[in-house]
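This report describes selected features of one structure, shown below. It treats individual residues, nonpolar cores, salt bridges and strand pairing in turn.

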Amino acid sequence: MNKFNEFDNIKTPDDWKTINFEQASLKNHYPIASHFVMIGICLVLIFSSFGIVYAYNEEFRSWLQEQFQGEKIEYIPQMHENKMWELDGKFLVYYHEKNNLKIVDEVYIFIDGKFVKKEVMHKQGKYKLQDYSFDYVRYQDQIFTFNEKGFFAYSLHLMKDELIYFGSTDNNLCSLNMKTGEVLEITSDQDSVNFAISPNRKYILINKNDKYWTVYNTDKHTEKKINEMNPYAHNEEYDFFGEHNLITYDDDEETVIINLETLEAKSLNETCLYPAPSSFTVDFYDQQTTLHNHIDGKKIKINENLENYRYSIFQNRYIIFDSFLDKKIVFVDFKEQKYKVLEYFGKEEYLEYFIVDNQYLIINNTQDYYIMSFQNIFS
């Protein structure tokens, strides 16, 4: 769900600040119900993060320049210390709170490796005698809405032509033509929530209030039930894979690949690496780490023992390992069969990573935020 205030009640546990990453072994296979802590961490790492913006840190920048010699590093625009922020997809949002409400101050969109400030626009209308309005920032086929009122509850970021897909206050999936103002109800069961749209804008996942999932085909205008997807799957427990596939977990907690065109499902007969859905398992032997992709059978060997490292998975392609104890960060591009070992930033600081546009890495130490080309990391 992409509504701006959907994480209002999430509180960061105090012990996250001193978490011992060396205790998290990659060997362990946990059931879905026991992964809430790891899932929460993944949510912070991948989909969004909240925090107060801090002052410029020359030491951190110097470390980045040393690790990525010759690589241009972009500094994310900062604001006053009393401003909070959210990174949601390609949108960087600065806001403050007033009377327990979030007031958006500025919105940036990620364009060609930089966050560019965009003008806030307003849209309002009426559907079936119900008023609706929202503010938004748009760039090409990307849109971010906020301050939603009336019939319009929250929207999906990706548009198809001039259509914006949104969830209504009566729990239906709808579309709005931004040019004509026409609103169409795609579902009418008042039971449709937690939408997710595929990168190619062809498929929209719909959860039926934890009963089951369906997929709506935006080309054929059809909605079909997905039997092999866990009805309680959280947003971070599924991801779109390739042009037509979904990678997720079935009721037996094993990784499954679902073709959204045919609805055929293939179980990998493995519970692959958490917290993000992936097709990888890992083995440790003779001071080496081997990642095994159970879709195509390919492997990559890393000449480091990463058994006690923390890890994050992005787009079933990038895996980032790090360890305070060993003072190392290991970036892996499985598709290109490459990896890079970096020295950890001098202090025991908690680093966060974000992947944007499948080619840029955002890295921060909770104080400073920098962007660099992911491709050039391996050069």
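The model is a predicted one. V341 is placed in strand β28, which covers residues 338-343.

Leaving aside neighbours within four places in sequence, the contacts of V341 are E304, K328, I329 and V330.

## The salt bridge between K328 and E304

Two of the contact partners of V341, K328 and E304, also form a salt bridge with each other, in which the closest N and O atoms are 2.9 Å apart. K328 belongs to strand β27 and E304 to the loop between β24 and β25, so this pair ties together parts that are 24 residues apart in sequence.

The two partners fall into separate accessibility classes. K328 is partly exposed, with a relative accessible area of 26%, whereas E304 counts as buried at 19%.

## Nonpolar cores

The largest nonpolar core has 19 residues, of which L273, L291, I302, L306, I319, F321 and V332 touch the most other members. Two or more residues are given to this core by each of β22 (280-285), β24 (299-302), β25 (310-314), β26 (318-323) and β27 (328-333). The largest share, three residues, comes from β22.

What does I302 contact, once its neighbours within four places in sequence are left aside? Its partners are Q287, Q288, T289, L291, F321, V330, V332 and Y339. Among these, L291, F321 and V332 also belong to the group of core residues that touch the most other members.

A second, separate core contains 16 residues, including I320, F331, I363 and M372.

Strand β30 spans residues 360-364 and is mostly covered, with five of its five residues buried. On one side lie Y360, I362 and N364, and on the other L361 and I363; both faces are covered. In a regular strand, side chains alternate between the two faces of the sheet.

Strand β29 (residues 352-356) runs antiparallel to β30, and five bridges join the two. Within this pairing, Y353 has I363 of β30 as its bridge partner. I363 is also a member of the second core. The two strands form a hairpin with three residues between them, and D357 in the turn has a positive phi of about 60°.

## An open sheet of four strands

Four strands form an open sheet in the order β10-β11-β12-β13, with antiparallel pairing. At the edges are β10 (152-155) and β13 (183-185), each of which pairs on one side only. On average, neighbouring strands of this sheet are turned by 35° against each other, direction ignored.

Strand β11 covers residues 163-168 and is joined to β10 by three bridges, the two strands running antiparallel. S155 stands opposite F166 in β11. Strands of a sheet pair through backbone hydrogen bonds, either parallel or antiparallel.

## Further salt bridges

The whole structure holds 16 salt bridges. One of them joins the side chains of R201 and D141, with an N to O distance of 2.5 Å. This pair links distant parts of the chain, 60 residues apart: R201 is in the loop between β14 (193-197) and β15 (203-207), and D141 is in the loop between β8 (130-139) and β9 (142-150). R201 is buried, with a relative accessible area of 14%, while D141 counts as partly exposed at 29%.

E223 and K208 meet in a salt bridge at 2.9 Å, N to O. E223 lies in strand β17 (residues 222-226) and K208 in the loop between β15 and β16 (213-217), so the pair ties together parts that are 15 residues apart in sequence. E223 counts as partly exposed at 35% relative accessibility, whereas K208 is buried, with a relative accessible area of 2%. Together with D189, these two residues are linked in a network of salt bridges.

How values were computed: Residues numbered from 1 in each chain as written. Predicted model: local features only at pLDDT ≥ 70, side-chain atom pairs only at ≥ 80, totals over all residues. Heavy atoms only, no water. Core = buried A, V, L, I, M, F, W, Y, C linked by side-chain atoms within 4.5 Å. Buried < 20%, exposed > 50% of the residue type's maximum accessible area, 1.4 Å probe, protein only. Contact = heavy atoms within 4.5 Å. Pairing = 2+ DSSP bridges. Axes fitted to C-alpha atoms, helices over the stretch in contact; angles between N-to-C directions. Salt bridge = Lys/Arg side-chain N within 4 Å of Asp/Glu carboxyl O.
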